[in-house]
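Q: I am new to this structure and would like to learn how to read some of its features. Please take them one at a time.

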Amino acid sequence: MDVIGSIHEMQSLSDSLRQQGKRIAFVPTMGFLHDGHLSLMREAKKHADILVTSIFVNPAQFGPNEDLDAYPRAMESDLAKSRDAGVDVVFTPTSDQIYPEGYETYVQLETLPNHLCGLSRPVFFKGITTVVTKLFHIVKPHVAVFGEKDFQQLAIIRRMVKDLNMDIEIIGGTLIREADGLAMSSRNAYLSDDERTEALRLSQSLSKAREMITAGETQAAAIKAMTETHLSGCPDMTIDYISLCDPETLDEVETVTSPTLMALAVMLGKTRLIDNTVLVPQ
Ligand code: AMP
């Protein structure tokens, strides 16, 4: 497995792989790898000859009061996990290389970021679409895999790739959970034991919502009310949003008559947690 820190070196390698007719798959990450990331890597390997992953904690997607400095990092064990997952190349640029002095070009969507996480994190998606565009220009993949854990991010990347005619296939990877249902996330490392138990309220709410749909419920308001009650049972949990929306436009729905994204975001103490499921009416 190659570990490449230089943008120029990564571009040269991708050029030569492409000249040899190799198909390149790409999984961008911010590191502190868990089984969610590794499942994307396994999926990506099915679609290409060469698997490139990146580990880069992207400053442009963190707001001024967010956890950029505290974000967990573990480069050595990430490299070992990547090797075990069959990664061929890990790209590990520095912030100074990605955003050198004088940097001023950003990629931004008009509407999709004005929903869900974008409402409370105003620079988040601008930072993501910018860094993903840059990484696509550096790694030059044929196919890239993003997790359904970050459903809005996946919808935004799909839209951006279509809108900007990027010749890259985008694949969504299944959301991977711990055995008790908690969605895997690098940020779970912040949780105390008590918070770790309370965090289960998110996946529990999604399960209860699926049960309500199976029992014939169609009113989004009823599902939101159940969820609000369940999440509010934990005094340390502050709800950011409980959304039932169209999986493509992310516009809120009042009735669940077709597959509907149910997405949740909360602050549990100082930790932001998100989770989602697609509700499929009977
Ligand atoms: P991150 O390192 O958090 O930026 O995530 C890198 C990629 O891994 C993104 O495409 C995420 O959607 C994906 N990912 C993170 N957690 C999970 C999970 N629990 N299941 C599946 N994919 C995930």
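Q: Where does N188 lie?
A: Helices (H or I, at least four residues) and strands (E, at least two) are DSSP runs, numbered from the N terminus. N188 is in the loop between strand 6 (169-173) and helix 8 (193-198). This is a predicted model: local features need pLDDT of at least 70, side-chain atom pairs count only at pLDDT 80 or more, and totals for chains, interfaces and linings use all residues. Residues are numbered from 1 along each chain as its sequence is written, and side-chain values use heavy atoms, with hydrogens and water left out.

Q: Is N188 buried or exposed?
A: Buried means under 20% relative accessible area, exposed over 50%, partly exposed in between (1.4 Å probe, protein chains only). N188 has a relative accessible area of 12%, so N188 is buried.

Q: Which residues does N188 touch?
A: Contact means heavy atoms within 4.5 Å. Not counting residues up to four places away in sequence, N188 touches L182, A183 and L273.

Q: What span should helix 9 have?
A: The expected span of a helix is 1.5 Å times one less than its number of residues. Helix 9 (residues 200-214) has 15 residues and should therefore span 21 Å; its end C-alpha atoms are 21 Å apart, which agrees.

Q: What covers the buried residues of helix 9?
A: Among those buried residues are L200, L206 and I213. Their cover includes helix 8, helix 10 (220-232) and strand 7 (237-245). Just after helix 9, G216 takes a positive phi of about 105°.
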